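Here are my notes on the model you sent over, point by point. Have the structure open while you read.

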Amino acid sequence: MEFFEWLDSYSIHNPNIDAEHQIFIKLINRLISANNDGLDDYYKERLSLEIQKYAEFHFVSEENFMIDIDYPLLEEHQQQHTLILEKFNVEMNYIELGQKSYAEFITFLVDWLTEHTLTQDKKIGDFVKESSDPNGSR
Ligand SMILES: [Fe+2]
């Protein structure tokens with residue numbers, strides 16, 4: 001499987017959140033690498049747990065940033081985070097029961113990360129940019 005790459009277009013114009021997104025991508029790439037190298041399930045399970053815990057931390061961090069900047073779509077975004085964590089749990093259960101492969105789990109991770117970062121998180125970036133642009137509407 002291909003590694004997931006950070007693109008500058010993912011930036012939400014906050015260095016801490018951008019750094020967290022980059023760490024997130026690194027963690028997913030470690031799991032991809034472990035899967036590509038055929039490492040054992042226990043190790044992949046530990047890496048998945050690390051990603052899950054990091055996602056929990058990162059979402060709180062991102063939500064606090066949204067609170068700091070009075071982001072108008074905070075509630076909607078929080079609901080998305082809750083939904084993602086719920087889906088994460090469901091997918092982890094499939095893995096533990098042997099009903100899904102790590103390749104499928106990784107596809108789920110990359111898909112939601114890309115989708116969420118490109119749509120929901122991008123909106124935070126647009127808001128930050130607009131707010132700091134002296135010629136903008138705010
Ligand atoms: Fe988010």
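1. A contact here is a pair of residues whose C-beta atoms, placed from the backbone, lie within 7 Å. By class, the contact of α2 with α3 has 9 nonpolar, 5 polar and 2 charged residues; Ala, Val, Leu, Ile, Met, Phe, Trp, Tyr, Cys and Pro count as nonpolar, Asp, Glu, Lys and Arg as charged, and the others, Gly among them, as polar.

2. Before going further, a caveat: this is a predicted model, in which local features need pLDDT of at least 70, side-chain atom pairs count only at pLDDT 80 or more, and totals for chains, interfaces and linings use all residues. Residues are numbered from 1 along each chain as its sequence is written.

3. On the overall layout, the chain has 4 helices and 0 strands, in the order α-α-α-α along the sequence. Helices (H or I, at least four residues) and strands (E, at least two) are DSSP runs, numbered from the N terminus. The C-alpha trace spans about 55 × 25 × 20 Å along its principal axes. Of the contacts with a separation of 6 or more, 64% are between residues 24 or more positions apart.

4. Back to the geometry of α2 and α3: they pack at an angle of about 175°, with axes 10 Å apart. Axes are lines fitted to C-alpha atoms, for helices over the stretch in contact, and angles run from 0 to 180 degrees between N-to-C directions. That makes α2 roughly antiparallel to α3 (angles under 35 degrees count as roughly parallel, over 145 as roughly antiparallel, 65 to 115 as roughly perpendicular and the rest as oblique).

5. E63 sits in helix α2 and, leaving out residues up to four places away in sequence, touches L74, Q78 and H81. With 16 C-beta neighbours inside 10 Å, E63 counts as partly exposed. The cut-offs: a residue is buried if 20 or more other C-beta atoms lie within 10 Å of its own, exposed if 12 or fewer, and partly exposed in between, with C-beta atoms placed from the backbone. Helix α3 has E75, which counts as exposed with 11 C-beta neighbours inside 10 Å.

6. How do α3 and α4 pack? The axes of α3 (residues 74-96) and α4 come within 10 Å and cross at roughly 175°, which makes α3 roughly antiparallel to α4. H77, Q80, I84, E91 and I95 in α3 meet Y102, F105, F108, W112, H116 and Q120 in α4. The residues of this contact divide into 6 nonpolar, 4 polar and 1 charged.

7. Then there is α1 (residues 15-36) against α4 (residues 102-132): the angle is about 160° and the axes are 10 Å apart. The two are therefore roughly antiparallel to each other. On the α1 side H21, F24, I28, L31, I32 and N35 take part, meeting Y102, A103, I106, L109, V110, L113 and T117 of α4. By class, this contact has 10 nonpolar, 3 polar and no charged residues.

8. Which residues make up the largest nonpolar core? The 12 residues are I25, L27, I28, L31, I32, L47, I51, Y102, F105, I106, L109 and L113. The elements giving two or more residues to this core are α1, α2 (41-68) and α4. By nonpolar core I mean a set of buried Ala, Val, Leu, Ile, Met, Phe, Trp, Tyr and Cys residues joined through C-beta atoms within 7 Å. Aside from neighbours within four places in sequence, I51 is in contact with L27, I28, L31 and L109. Across the chain, buried residues make up 16% of the 138 residues.

9. H13, in the segment before α1, has a positive phi of about 65° although it is not a glycine. H13 is partly exposed, with 14 other C-beta atoms within 10 Å. D70, in the loop between α2 and α3, also has a positive phi, near 55°. D70 is exposed, with 9 other C-beta atoms within 10 Å. For background, most residues other than glycine have a negative phi.

Notes: Contact = placed C-beta atoms within 7 Å.
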